[in-house]
Amino acid sequence: MAEIFPFHAYRYNLERVKLGEVVTQPYDKITSAMQERYAGTNPYNLISVEKGKPSPKDSPADSVYTRAEKALREWIGKGVMVRDSLPGIYVYFQEYTVPGTTERQTRKGFIALGRVEDYAAGVVFRHEQTLAGPKVDRLELLRHTLTHTGQLFMLYTDPQRQIDGILDGVASHARPAEARDEYGVVHRIWPVFDERTIANVVQAMTAQKLVIADGHHRYETALAYRDECRANSKGAGRNAPYEKAMMTFFNTQGEGLLILPTHRLVANLPSFNLDAFRRKISPTFEQEDYLFESEAARAVAYERFHRDLLASGQGGRAFGMYAGGAFTLLRLRHDADLAKLMPGISAAQRKLDVVLLHRVLIEDGLGITAAAVTAERNITYEREIGVALAAVDRKQAQICFLLNTVDVDQVMQIALAGEVLPQKSTDFFPKLLSGLTLYRMDSAAGM
């Protein structure tokens, strides 16, 4: 049973700053260029906390982590960031353009605290593996700041859209705080302090199981911090601040929930031979080429290829392939025996394109081991098709594979079955901004 809680959020004082100038993308999406730009936009930009710049002179007494906590204390002391006097939940809408189209969508969710549960409890489920490095960094930041600055992106399933109706009601009767990010996404947030509204949302969530869509490292950091605090505290109980983390909840049956595919680029294969590879996979995949000999012909060929890739993914299993000179559509043959092709893989996993790609094309077809994939010795990832194709044209990659998107119901099915997807299987778009609300685990932070 999922447990969620209202909380006294710390938020930027919009009489002192413009929201769009102080919030950031999630820490793991912040490049060096973004880091510099954020720092130059506003002296109170969250980048100083979310992902501070290290210095060669750093020491235990003066580091990115101590400077983050110092910045938070100074901002609170100056009234740049203020604590809500009442516990609340926060309605959060994101209006965005679907990449590659002109279609506008709105994703609707809400921010609250959620109880941090062990995976074994069967309440919170992951859908991907995590790496040790990011968790070490996030844990050290949490130890120093005692503050959750970024959102955990959580999925629940409410076919009746009961909670969505509540969120729409809030949005229709109040004016939100608003920020537009660098990707043109408009983020709107409405605080909700009405006790009856909060109680209705809390009650509606009690029957839910939660799946982490994005933020696995941050969730496991919260688990590690909770366990650390439990070991150092006696009798604090399940309502201790560290027993909870800040989460944003979205309904899988709601509107605007978009997962983008992440394409695979292959490089550094010492004996790559395209013709040999095509012969090897021909018993399993039908192959259709879209040839071109000029830039104008290339554009026409690409449009046909991309249209057919999307259509083939609707009725079957299909991938795009590009090694220069032609776009190739790979369609899984109807008589392909997936159980034989992917022994030891569950029936649910065999339904996933990304698993089929890795096991049959990348591992069996190209001879790239799972360990090499994990280490990214031969595989890199790219969301933008144009960038992936250009990497092949510039000889930075030998071949790229283009995927259709994974369905959110498949993600839920895999996660709730206790399984995980291969890394970089999902790219939920858009990302949740850091700094809209903060959960500070001091003695007065939570309920």
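A residue counts as buried under 20% relative accessible area, as exposed over 50% and as partly exposed in between, using a 1.4 Å probe and protein chains only. The model is a predicted one, so local features need pLDDT of at least 70 and side-chain atom pairs count only at pLDDT 80 or more, while totals for chains, interfaces and linings use all residues. Numbering runs from 1 along each chain as its sequence is written, and side-chain values rest on heavy atoms, with hydrogens and water left out.

Two loop residues come up first. Asp194 sits in the loop between strand 10 (186-192) and helix 7; helices (H or I, at least four residues) and strands (E, at least two) are DSSP runs numbered from the N terminus. With a relative accessible area of 43%, Asp194 is partly exposed. Arg161 and Asn251 are 90 residues apart along the chain, yet 7.6 Å separates their C-alpha atoms. Once neighbours within four places in sequence are set aside, Arg161 is in contact (heavy atoms within 4.5 Å) with Asn251, Gln253, Gly254 and Glu255.

On to the helix that follows each of these loops. Helix 6 (residues 162-171) packs against helix 7 (residues 195-205) at about 160°, their axes 10 Å apart. Axes here are lines fitted to C-alpha atoms, for helices over the stretch in contact, and angles run from 0 to 180 degrees between N-to-C directions. Helix 6 is therefore roughly antiparallel to helix 7, given that angles under 35 degrees count as roughly parallel, over 145 as roughly antiparallel, 65 to 115 as roughly perpendicular and the rest as oblique. The crossing of helix 6 past helix 7 is left-handed, meaning that the near helix is turned anticlockwise from the far one by less than a right angle; clockwise would be right-handed. Gln162, Ile163, Ile166 and Val170 of helix 6 make the contact with Thr197, Asn200, Val201, Ala204 and Met205 of helix 7. Sorted by type, these residues give 6 nonpolar, 3 polar and no charged. In that sorting, Ala, Val, Leu, Ile, Met, Phe, Trp, Tyr, Cys and Pro are nonpolar, Asp, Glu, Lys and Arg are charged, and the others, Gly among them, are polar.

Helix 9 (residues 274-281) meets helix 13 (residues 353-365) at about 135°, with axes 11 Å apart, so helix 9 is oblique to helix 13. This crossing is right-handed. Phe277, Lys280 and Ile281 of helix 9 touch Leu361, Asp364 and Gly365 of helix 13, a set of 3 nonpolar, 1 polar and 2 charged residues. The axes of helix 10 (residues 295-315) and helix 15 (residues 385-393) come within 14 Å and cross at roughly 125°, which makes this pair oblique. Helix 10 also passes helix 15 in a right-handed crossing.

Buried residues of helix 4 include Val64, Tyr65, Leu72 and Trp75. Just after helix 4, Gly79 takes a positive phi of about 80°.
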